[in-house]
Amino acid sequence: MAVDSSARPSLTLSGKPMSSPLQDIRTLSRQMVGHFVENVVPCGTLPGDAITGDVTAITRVCLEFAISMLDGKDIPTKLQRLQDAAAGWAREGVPIDTIHHSIHEGFKMGLDLVVSGASIKDYDNLVVGAKAVLEMLDQITSAISVAYVRELRSVVSEHHTAVHTLTSALLGGHSTSTMARECGIAIADSYAVVAVAIPPHREEHNPAVDSQVVARRKLRRVQAELATRCGNNALSLLSVDGGTVLVPSATFDSVELDALITQLSHAAQVGITATMIDAAPAQIPDAADQAHELLDMVQRLQAVPGMYRFDELALEYQLTRPGPGREYLGSLLDPLDAHPELLETLQRHIANNLNRQRTARVLHVHTNTVDYRLKRIGQLTGFDPSQPSGLWYLRSALVARTYRA
């Protein structure tokens, strides 16, 4: 907020206005811009028209503002010019640290000129002048920061809206080249269509905290990690519970896509489960439906978090289709209805890829107990889980059973 200095006297050094060394604005601004280009590294990468245009013009505005304040006057219109320029820089992607570094470099040059002719007798005036310089710096950096951040949020919002629009169109089967151009996002030749399930964070169950805030923070971490790993390539529609992500097939290979889900899990601080199907743009709606059906099945099986592909679970997926086969397989586990601990052991054992130690750890029992329960399951159902054929039937029965209702 600008400080009202309309009644403030002009500042002097050795009987002369403190602003005197700054009066040749045209020459001084040219010197300052040259200094920025040589010493503020990112400035040297700006286009020539930006250097001779915006940067030079705004340097002059800053000098005019400094002269006005040293002379005891504020000119609000100068600050508005700075804010307009900052908004343009935000939209053009000029880093905010480059802007502030250049401003401070300019202030150091200007201060050197102002105090160069001062003597010990000017001590008191120098103290007052130093305070005025800090006030100028405060007003300028504040005005620029506010305008820059406001515009940056607008740019991010526009991009988010564009991503949302294009993603919705692809998932709805309505994508066109015209829409892609309007959104400013190119449509890839093919995508990994990823269905994502994000479980609740442990703090979402804490009655002492706001669960919605925890959930939204979890989602923001996932979105930030996705942006870090994929840049603007990934298109996503995500909620706090999950959603769909479209990753251009050329972005990651199979191993890297698995690693992406692991990285998202670390960011979310929960184990994320995902399923993936490759598809051309026109096939995305069907692929997304299929990926989410596959994800639903994986969750019903209580599988460990991670990435699952259709070719890994094609048989299980087929077992979820309605028909007499599914009904028969679903009934194979009816003998376990009276023994819920056996059914849970079977579910956990299969979800843990038949790792007895891990199953025992999850169930808080000894591995011998797991072995006994598996043997008992074989006796009650007629299918031995220690044999490949028996395990196949039991696994199939688990899949079919979750869809019987």
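This is a predicted model: local features need pLDDT of at least 70, side-chain atom pairs count only at pLDDT 80 or more; totals for chains, interfaces and linings use all residues.
Contact means heavy atoms within 4.5 Å of each other. Residues are numbered from 1 along each chain as its sequence is written, and side-chain values use heavy atoms, with hydrogens and water left out.

L82 touches I58, V61, C62, I140 and I144, not counting residues up to four places away in sequence. L82 belongs to the largest nonpolar core, which has 36 residues. A nonpolar core is a set of buried Ala, Val, Leu, Ile, Met, Phe, Trp, Tyr and Cys residues joined through side-chain atoms within 4.5 Å; buried means under 20% relative accessible area, exposed over 50%, and partly exposed in between (1.4 Å probe, protein chains only). The residues with the most contacts inside this core are L82, W89, M136 and I140. Two or more residues each come from α1 (25-39), α2 (48-70), α3 (76-92), α4 (96-115) and α5 (123-172). Helices (H or I, at least four residues) and strands (E, at least two) are DSSP runs, numbered from the N terminus. Another core, of 28 residues, lies apart from the largest one and includes Y308, L336, V370 and L391.

The structure holds seven salt bridges, a salt bridge being a side-chain nitrogen of Lys or Arg within 4 Å of a carboxyl oxygen of Asp or Glu. One of them joins K218 to E204, with the closest N and O atoms 2.9 Å apart. This pair links distant parts of the chain, K218 being in helix α7 (residues 211-230) and E204 in the loop between β3 (191-197) and α7, 14 residues apart. K218 counts as buried, at 1% relative accessibility. The side chain of K218 also reaches the backbone oxygen of P199 at 3.0 Å. This is a polar contact, defined as a pair of N or O atoms within 3.5 Å; within protein, one must be able to donate a hydrogen and the other to accept it, and residues adjacent in sequence count only if both atoms are side-chain atoms. Leaving aside residues up to four places away in sequence, K218 touches I198, P199, P200, H201, E204, V240, A268 and V270.

A further salt bridge is formed by D258 and R309, whose closest N and O atoms are 2.9 Å apart. D258 lies in helix α8 (residues 254-268) and R309 in strand β7 (residues 306-309), so the bridge ties together parts that are 51 residues apart in sequence. D258 is partly exposed, with a relative accessible area of 29%, whereas R309 counts as buried at 11%. D334, D337 and R401 are linked in a network of salt bridges.

R356 and D371 form another salt bridge, with the closest N and O atoms 2.6 Å apart. R356 is in helix α13 and D371 in helix α14, 15 residues apart, and the pair links distant parts of the chain. Both ends are partly exposed, R356 with a relative accessible area of 30% and D371 at 29%.

Within helix α13 (residues 356-363), T359, A360 and L363 are buried. Seen down the axis of α13, these buried residues fall within an arc of 100 degrees, so they line one face of the helix; the arc is that of the directions from the helix axis to the C-beta atoms. They pack against α12 (340-351) and α14 (367-381). At the start of α13, a side-chain oxygen of N355 reaches to within 3.1 Å of the backbone nitrogen of Q357. The helix is followed by H364, whose phi is positive, near 60 degrees.

A search of the whole structure finds two aromatic pairs. Rings of Phe, Tyr and Trp (its six-membered ring) pair if their centres lie within 6.5 Å; planes under 30 degrees apart count as stacked, over 60 as edge-to-face and the rest as tilted. The rings of F383 and Y393 have centres 4.9 Å apart and planes at 25 degrees, so this pair is stacked. F383 lies in the loop between α14 and α15 (388-401) and Y393 in helix α15, ten residues apart. F383 is buried, with a relative accessible area of 18%, while Y393 counts as partly exposed at 33%. For W392 and Y393 the ring centres are 5.1 Å apart and the planes at 85 degrees, so the pair is edge-to-face. W392 counts as partly exposed, at 37% relative accessibility.
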